[in-house]
Structure formats: C-alpha cells, structure tokens
Amino acid sequence: MKFKEKEYLSVWLEKPYIKIINQALLPFKFQIKTLKTINEVIYSIKNLEVRGAPALGIIGAFSVALSYYLNNKNLKKTYFDYSKITQSRPTAINLKVGAHYIFSYINNSKQLPNFNDVFEKAINFQEKEINACKKIGDNGFNLIKEIYENKRKTVNILVHCNAGWLACGNYGTALAPIYLANKKQIPIHVFVDETRPLNQGSRLTAWELHNEKINFSIIPDNNAGFLISKKIIDLILVGADRIVKNGDVINKIGTYMVALSAYHNNVPFYVAAPLSTFDFNTNCGDDVTIEIRNSIEVRKISGFYKNKKISISIFPSTYNAYNAAFDITPAKFINGYITEKNIYRHVSKILKDYGKSE
Ligand code: MRU
C-alpha cells in the first residue's frame, strides 16, 4: 500500500533483521522500526506494534529465521526462541503457523540449511500470505458488486477492528474487497467501529481508508447495533484471529455483538480470512485461549500531545476493570467465509477441500 507516494509492506525483512511499521504510534506518527533481537520482536508483538493475524504469521516466520541466524544454527536455542515467540500472543493461530512453517523447515532438513535458504523460505511464506489477501479482495469484491447492482446507490459497509494492509503485510482481509471496490469506482461508505479499548478502528482502519481516499465515518462501538437495526448497513466485513472446525470465529472483542445484531436484523455478516487462519484441530470457539490483556488499556486512553504519546486516566485507579481482547462468534451468525479460494457458506466444505493438503 502507498503512503505519501511510496509503496510499503507493513512488515518486511532486511536480512537478517525485521522492519515493521510501528502500529502503536499511528495515526499520529509514521515510524519504521528495526527489530534486531528476539526480545525486541516479542516486545513489539505484545505491545501491538505489529498486530493482526496474517502480519503476526509473517513476523512469526521472519523471527524464527532471525533466531536461527542469531543463534548460529543452534537448533536447541532456536527452538527455545520459537516457543517464546509462539506464546507471546495466544489467540491468533497465524503466529504459530508462520513460526512453525520455518521451524519445521529447519528441523526437518537433512542437514542444517544455510541462512539464506531459511530467509528465502520465510519470504516465500510472506508472499503466500500476501497473495492470499489479494485473492480475498477479488472474491469479496463480488459481494459488494452484487449489492451495488441491486441497490444502485452507495454501498454502506461496517467494519470492526483493523483487518487491513497493516494487519496483513499488504491488501488486508476484510478491507481488501473494499479497496478493490473503490478502485473499480463502486460508491462505498465505510462505517468504522472505533474498537475500544485500543482503537484499532479509529486509529488504523481510518488511517488506511484516509490514505486510500475512501469515504468513511468513525463510530463509537455502541452505535453499530443502531445502524444495523435501521438498515443503514448493507454488509458487514470482519477479519479473524482464528476460525475453528465448527465454523466459530474468534476475532477482536465486540465482533460477537455486531454479528448478533446482524443476525437479528438479517444483515449479511461475512468473515474474510486466509486458509492459514483456519484451525481444524480445534473443535469449537470455547476451546480457544482468549487473550486477557492488562486492564490499564481500559483505564487509560492514549493520544498525542506536542508530538509525544501521552495517556490519561478515564476513571479512578481504585475501580476494577476487565480487558478480554477477543470474543467468539458462533458459526450460525455467519453468512460466509471469504478465503483466497472462494466464498464458502460452511467451514465443513473448506475442511473437506483444504483441511489436509495445506
Ligand atoms: O489485538 P489485535 O489488534 O491484534 O486484533 C486483531 C484482530 O482482531 C483482527 O480483526 C484480526 O487479527 C484479523 S486481521 C486481518
């Protein structure tokens, strides 16, 4: 994606180090950060400087390659780092998929592979994920086009969290069809849930849409149900951190409430995700570890003042707070899953076609 006329990925490799666009500082500061150690990588993952399921997968792959290099091919030490990396955030399956892709490549090679081959393998993983997102855009675009052909007026789309370019390396999942529709001059308006407490919607999705010159309105999360009930929203598109065997979707906290409201009001609700987000080894949403984050993120809001990030308390520190980062949307609320292969009504078909081979 372009920012100020320059093409960027949100995470990339400058061998042997990893570069990221620091998502914790956006939209006020555009900073490229270089990660040179595994501790720096883990800090960035935990503090959401790099975030979003596919981007976590990519950094998972890059960081195991970096560990192998830093540990000079010592497999035991690389395994230790691999375990630490995969445990740094528990919910998005992509982090584990990306890290495992590289660790198993190293571990299963007859001889310890050379550094360049390992880095190239990690770059292949990145390319595969980014290609998948591009295809998700093509497939999801058809939904928007169909609505426009019936309506012949601006298509209103609601999104939650950030499932865009930043979250995926490029293109996005839920945002990829929106970017394509805009390119093909379909009139769209995007309602962006601000996504409390860390505001991935109002900080990141809005920043991306602004760069792409797409019309949008940021809404407080509790406005979504109202807009859905008033039939103002034509389509809801969200991403996913994990999709399990029975079709339940684990995504940013608040997704469940949006899906519930969409189901009640008969508004189409679609989940966009690459096959790497599907976890066929887990039966249902309740079996997934939901990350509970520090309550400080609820207690304080952050912003920028005189070019510096500041946080202020919004209620007394003696009050209790609770901060689950993800929720579970039952399969029955979901109209379809937009993948790089096709749009599917049921996960069982995806499992049948791709569950074993990829
Ligand atoms: O806590 P975050 O910001 O990493 O949560 C991200 C989400 O919930 C996204 O919707 C999901 O990873 C899909 S990104 C394409």
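Modeller: We shall discuss the domains and then the contact between them. This is a predicted model, in which local features need pLDDT of at least 70, side-chain atom pairs count only at pLDDT 80 or more, and totals for chains, interfaces and linings use all residues. Residues are numbered from 1 along each chain as its sequence is written, and side-chain values use heavy atoms, with hydrogens and water left out.

Biologist: Into which domains is the chain divided?

Modeller: Domain bounds come from an automatic or database domain assignment. Here they give domain 1 (2-128) and domain 2 (137-354). Their centres, taken over C-alpha atoms, are 24 Å apart. The contact (heavy atoms within 4.5 Å) takes 31 residues from domain 1 and 32 residues from domain 2.

Biologist: How much area do domain 1 and domain 2 bury between them?

Modeller: Buried area is the accessible area (1.4 Å probe) that two parts lose on being put together, summed over both. For this pair the value is about 2,700 Å², with 57% of it on carbon and sulfur atoms. On the domain 1 side, Arg51, Thr91 and Ile93 lose the most area to domain 2, together 22% of what that side buries.

Biologist: Which side chains meet in a salt bridge?

Modeller: A salt bridge requires a side-chain nitrogen of Lys or Arg within 4 Å of a carboxyl oxygen of Asp or Glu. Glu291 and Arg89 form such a pair, at 2.8 Å from N to O. Between domain 1 and domain 2 the count is 1 salt bridge.
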